[in-house]
Amino acid sequence: MTTLLITGTNRGLGLEHTRQALAAGDKVIATCRNPAGAGALRDLKLQYPDQLSIEQLDLADFASIDALQARLTDVPVDLLFNSAAIYGGGWGSEADRNRQSIAGMDYELWQEIMRTNVLGTFRLTAALLANLQAG
């Protein structure tokens with residue numbers, strides 16, 4: 001049985017990869033910022049109680065990454081799927097679209113995006129290196 005750690009499993013790609021991995025018989029360590037608010041993920045836990053574990057993780061919070069690493073000490077992980085990310089706008093009004101454009105960059109938002117999507121993802125990968133080597 002393959003063990004996958006998937007980030008951002010409360011919706012979107014992370015949730016769908018979790019569904020497919022569980023259906024294939026794999027074990028999944030599913031992470032999201034707010035497990036209590038992840039209804040679809042909790043429903044999967046009812047279907048796959050022995051295959052699915054749900055862990056709290058906020059990639060923008062390095063202490064959260066360190067806490068996950070401590071909880072997973074000596075747990076082999078075969079595959080890390082970094083799906084969690086934040087998006088800074090562009091689908092709403094013109095003002096929203098301009099928040100990430102040369103015409104109106106929101107630099108604080110950009111820092112948050114970079115901290116989560118780049119630094120957090122890298123830090124998580126580094127933190128789980130021993131788990132991945134054991135997998």
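**Close-up views of a predicted model**

**View 1. The largest pocket and the residues around its centre.** The largest pocket has a volume of about 520 Å³, a value that, like every other in these legends, was computed from a predicted model. Its lining is made up of 22 residues, and those closest to the centre of the pocket are Asn10, Arg11, Arg33, Ala84 and Ala85. Two elements, helix 1 (12–23) and strand 2 (27–32), each give two or more residues to this lining. When the lining residues are sorted by class, 10 are nonpolar, 9 are polar and 3 are charged.

**View 2. Strand 2 and its pairing with strand 1.** Strand 2, which contributes to the lining of the largest pocket, is mostly covered, with 5 of its 6 residues buried. Strand 1 (residues 3–6) pairs with strand 2 in the parallel sense, and the pairing runs over 4 bridges.

View 3. The structure holds 1 aromatic pair. Tyr107 has a relative accessibility of 56% and so counts as exposed, whereas Trp110, at 38%, counts as partly exposed.

**View 4. Arg115 over the ring of Phe62.** This view turns to a charged side chain and an aromatic ring, with Arg115 lying over the face of Phe62. The distance from Arg115 to the centre of the Phe62 ring is 4.0 Å.

**View 5. Tyr87 in its loop.** Tyr87 is placed in the loop that runs between strand 4 (79–81) and helix 4 (94–97). With a relative accessibility of 52%, Tyr87 counts as exposed, because the cut-off for that class is over 50%. Tyr87 and Gln100 are 13 residues apart along the chain, and in the model a distance of 9.9 Å separates their C-alpha atoms.

Conventions:
Residues are numbered from 1 along each chain as its sequence is written. This is a predicted model: local features need pLDDT of at least 70, side-chain atom pairs count only at pLDDT 80 or more; totals for chains, interfaces and linings use all residues. Side-chain values use heavy atoms; hydrogens and water are left out. Rings of Phe, Tyr and Trp (its six-membered ring) pair if their centres lie within 6.5 Å; planes under 30 degrees apart count as stacked, over 60 as edge-to-face and the rest as tilted. Buried means under 20% relative accessible area, exposed over 50%, partly exposed in between (1.4 Å probe, protein chains only). A charge sits over a ring if NZ of Lys or CZ of Arg is within 6 Å of the ring centre and within 35 degrees of the ring normal. On a 1 Å grid over the protein atoms alone, a cavity is a set of points where a 1.4 Å probe fits but cannot get out, and a pocket is an open set with protein on both sides within 12 Å along at least five of seven lines; lining residues have an atom within 4 Å of a point. Grid points are joined across faces, edges and corners, and a volume is the space filled by probe spheres set on the points. Ala, Val, Leu, Ile, Met, Phe, Trp, Tyr, Cys and Pro count as nonpolar, Asp, Glu, Lys and Arg as charged, and the others, Gly among them, as polar. Two strands pair if DSSP finds at least two bridges between them.
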